[in-house]
Amino acid sequence: MKFLCLKVGEKYSSDVVNNLYYNLCKFSTHDIQLYCLTDDDKNINKNINIVYINKKDHWKKRQWHKTTFFRENFNNFKKGEEVIVCDIDIEILQNIDDIIEYKFKYFIGSRRWWNLSHGQLSGTLYKFRIGDFSWIDDLFCPYWEEYWVTNRLVLPPVNGEQKYVEYMVGNKIE
């Protein structure tokens, strides 16, 4: 299974990415491939696939780079291929095979159980097929990022991309 994560800026060290990879492998019986979208690959485990942030996306801030994962041809993955996007600081405490094997129709994501006024979808984990929601990145522009912050629908400097994803995916979230 291909897992995708984002490491941008200096908030998290390579140790956090390496720990994610270690725990994904430790808590699954499946073949795990971790792809890290990043602007800095220093000290990242050589078994983790590095995808560099495209220079044309320089205007995106922090977690908003996660919209890149929705591109129809992200990293030349096959259209329709299942992927799981997860935060690099997610705590994995038990076997994750059920998530990997879970059959879904369109899109699944972890739900927020706190502060539902900021939406129901958490950015912690998404599972979808490459190409199925390409409009999420196609339509993303600085307007969306500022819209959520300016209208106080999210709290800066973090939070927000999941609200945008929830809005764009709509009723296809399972």
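Apart from neighbours within four places in sequence, Thr 38 is in contact (heavy atoms within 4.5 Å) with Lys 7, Ile 50, Val 51, Tyr 52 and Ile 53. The model is predicted, so local features need pLDDT of at least 70 and side-chain atom pairs count only at pLDDT 80 or more, while totals for chains, interfaces and linings use all residues. Residues are numbered from 1 along each chain as its sequence is written, and side-chain values use heavy atoms, with hydrogens and water left out.

Thr 38 belongs to strand 2; strands are DSSP runs of E with at least two residues, and helices are runs of H or I with at least four, numbered from the N terminus. Thr 38 counts as buried because its relative accessibility is 0%; buried means under 20% relative accessible area with a 1.4 Å probe, protein chains only.

| Side chain | Backbone nitrogen | Distance |
|---|---|---|
| Thr 38 | Asp 40 | 2.9 Å |
| Ser 13 (oxygen) | Asp 15 | 3.2 Å |

Through its distance to Asp 15, Ser 13 caps the N-terminal end of helix 1. In helix 1, Ser 14, Val 17, Asn 18, Leu 20, Tyr 21, Asn 23 and Leu 24 are buried. Their cover includes strand 1 (2-7), strand 2 (33-38) and strand 4 (82-86).

The second largest pocket has about 210 Å³ of space. Of the 13 residues that line this pocket, Glu 91, Ile 92, Gln 94, Ile 96 and Ile 99 lie nearest its centre.

Terms used:
Buried means under 20% relative accessible area, exposed over 50%, partly exposed in between (1.4 Å probe, protein chains only). A polar contact is a pair of N or O atoms within 3.5 Å; within protein, one must be able to donate a hydrogen and the other to accept it, and residues adjacent in sequence count only if both atoms are side-chain atoms. On a 1 Å grid over the protein atoms alone, a cavity is a set of points where a 1.4 Å probe fits but cannot get out, and a pocket is an open set with protein on both sides within 12 Å along at least five of seven lines; lining residues have an atom within 4 Å of a point. Grid points are joined across faces, edges and corners, and a volume is the space filled by probe spheres set on the points.
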